[in-house]
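Q: How does one read the contact between two chains in a model? Please take me through it step by step.

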Protein chains: 2
Amino acid sequence: MEFPSLSDIKRAHTRISKYIYNTQIMTSSTINEIVGGEVFFKCENFQKVGAFKMRGATNVIMSYRPEERLNGFATHSSGNHAQAVAKAAADAGVKAYIVMPSNAPQVKVDAVKGYGAEVTMCEPTEEARAEACKKVIERTGAIQVHPYHDTRIIAGQATAAKEFIEEQPELDFMITPVGGGGLAAGSALTLGHVSPTTKMILAEPEAVNDTYKSFKSGKLEGVKDPKSIADGLLVSVGELNFAIIKEYVHDIYCVSEQEIVDAMRLVWERMKIVIEPSSAVAVAALIKHKEVFAGKKTGIIITGGNVQLNELPF
Amino acid sequence: MEFPSLSDIKRAHTRISKYIYNTQIMTSSTINEIVGGEVFFKCENFQKVGAFKMRGATNVIMSYRPEERLNGFATHSSGNHAQAVAKAAADAGVKAYIVMPSNAPQVKVDAVKGYGAEVTMCEPTEEARAEACKKVIERTGAIQVHPYHDTRIIAGQATAAKEFIEEQPELDFMITPVGGGGLAAGSALTLGHVSPTTKMILAEPEAVNDTYKSFKSGKLEGVKDPKSIADGLLVSVGELNFAIIKEYVHDIYCVSEQEIVDAMRLVWERMKIVIEPSSAVAVAALIKHKEVFAGKKTGIIITGGNVQLNELPF
């Protein structure tokens with residue numbers, strides 16, 4: 001697969017703009033003081049479905065002609081991508097078929113059903129999910145929407161960084177967390193095209209540091225049995241995503257589970273916004289390496305705000 | 001005491017404007033759908049010290065001439081007013097003396113000390129607090145800042161509704177919670193002066209319904225041993241505040257403890273913002289009486305976002 005071009009990103013932005021919010025950018029005097037620099041937070045927790053994933057899923061679904069969409073769309077996901085595909089399919093007026101593992105939180109299952117999607121439960125293994133999704137597609141003729149390893153997903157997620165740099169053109173750094181790498185690759189590409197002086201930093205949990213290891217060794221490496229509170233980042237980085245990251249990312253910082261929890265708590269307490277653990281990974285990296293960001297302008301994409309309120313780590 | 005005039009409110013706004021944020025107004029498609037109307041949220045949880053109380057305290061402290069402020073300011077409070085007086089005194093470059101009950105959460109004590117205030121702990125009774133505060137004032141010559149029964153406090157808190165109605169001039173209703181009545185009276189007065197067609201609604205916990213009872217009977221009534229999760233609303237309405245409320249408020253709605261918790265959870269989950277239980281009282285009143293607000297434009301002042309994250313009700 002080829003890297004998405006700047007035109008792909010611009011076209012994605014035009015295509016999805018009426019289905020998404022151009023989310024606001026917040027600042028925090030407390031966090032500016034801690035860092036000794038200026039920090040800007042692009043609040044994708046305020047995005048439709050509560051996460052940036054709405055951008056990529058909408059770009060994929062709306063890139064098909066209406067007559068191609070008739071059989072609907074399918075994916076397997078326990079997280080924000082499931083809600084994004086469900087909502088984007090509803091926006092397109094077609095059916096979504098979502099395969100969810102049996103350990104997915106009920107609140108997420110309910111949210112997906114709330115957008116009118118048909119939910120199929122399966123065993124919580126990668127194989128069972130893929131198999132169940134394949135069966136649904138055979139039965140329905142739905143088109144599969146991959147969560148990150150797709151040029152159109154990357155171009156869609158890239159629109160968050162595009163809005164960010166258009167509103168704050170003087171950023172020295174931009175930080176996003178990295179999981180599968182849709183947002184990470186899309187953001188890095190965008191900066192490479194429109195603001196090459198802005199350095200792209202990725203943030204990853206130490207416990208799921210596959211992208212970090214791959215970035216340092218130059219070849220794709222995995223992590224066995226990944227466990228982290230940052231449940232959106234448990235997947236390994238995709239091949240295409242990693243190829244882009246290798247070329248366009250300045251550095252990757254890893255943070256501990258405790259640093260993630262502390263950063264999440266800091267943002268809730270001081271900024272009064274609800275962010276999910278995956279978003280806190282980027283904030284934790286900022287604070288851990290504050291000497292890098294002191295005296296600089298740094299943008300952080302707050303990726304989402306979908307949290308189980310009855311299972312908080314504090 | 002006389003009611004604050006519109007000039008008092010305007011002067012307060014000019015006086016405090018460089019020390020406070022003109023906080024943003026948010027909307028939520030989910031809550032609009034629930035109500036069947038348009039709802040606007042003025043986010044004083046994003047205000048300095050995390051609550052609207054910063055407005056009134058700043059107005060009182062900055063209304064003294066610099067040479068009158070030299071001995072500093074004192075108050076007794078376990079809540080947001082304590083932080084507000086501490087911060088406003090720091091902004092004025094003078095000392096704050098805060099008497100806090102021994103059952104005040106450590107995080108709040110730390111916050112007050114963080115603004116450089118001197119904290120005196122005392123027994124958690126109204127008498128002990130008043131006595132300790134009196135002693136501090138005798139020792140230091142500090143000026144006392146009352147949390148709500150003060151024309152200048154009311155004029156200061158009134159500036160939130162002023163900003164709100166200037167940005168959203170077509171509101172049919174405005175809702176605030178009522179405790180001591182500084183914000184409630186200030187908001188009602190503002191509407192009476194500049195937007196008399198906007199109906200002012202107050203929201204109160206059923207468990208602390210002194211203002212409701214007083215409003216219905218026409219004379220000040222108390223509540224014995226008030227207990228509510230809405231810890232900012234446990235005080236009884238002030239005399240001056242009630243006189244204003246009687247004249248300018250359209251109606252008062254009471255909500256149960258469960259309705260408060262449900263509304264708080266709804267806002268955290270769907271709007272991704274951290275609001276304190278006292279703020280949720282207004283949202284609960286909106287939802288409980290949604291037939292009143294259907295098809296209308298309603299503004300709610302989200303009063304604050306200071307919450308003990310390790311003591312959540314869900």
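**Reading the interface of chain B and chain A**

A: A polar contact is a pair of N or O atoms within 3.5 Å, where within protein one must be able to donate a hydrogen and the other to accept it, and residues adjacent in sequence count only if both atoms are side-chain atoms; across the interface of chain B and chain A, seven residue pairs meet this rule, both at pLDDT 80 or more. This is a predicted model, in which local features need pLDDT of at least 70 and side-chain atom pairs count only at pLDDT 80 or more, while totals for chains, interfaces and linings use all residues. Residues are numbered from 1 along each chain as its sequence is written, chains are lettered from A and ligands numbered from 1 in the order in which they are written, and side-chain values use heavy atoms, with hydrogens and water left out.

Q: How many salt bridges cross the interface of chain B and chain A?

A: A salt bridge is a side-chain nitrogen of Lys or Arg within 4 Å of a carboxyl oxygen of Asp or Glu, and across this interface the rule finds zero.

Q: How much area do chain B and chain A bury between them?

A: The size of an interface is often given as the accessible area lost when the parts come together. With a 1.4 Å probe and the loss summed over both parts, chain B and chain A bury about 1,700 Å², 60% of it on carbon and sulfur atoms. On the side of chain B, B:K272, B:V274 and B:L309 supply 39% of the area buried against chain A, more than any other three residues.

Q: How are the two copies related?

A: Copies are superposed by least squares on the C-alpha atoms of residues with pLDDT of at least 70 in both. Chain B can be laid on chain A with an RMSD of 0.0 Å by a turn of 180° and a shift of 0.0 Å along the axis, and the two copies are thus related as by a two-fold rotation axis. Of the residues of chain B, B:I273 comes closest to that axis, at 2.1 Å (C-alpha).

How values were computed: Buried area = accessible area lost by both parts, 1.4 Å probe.
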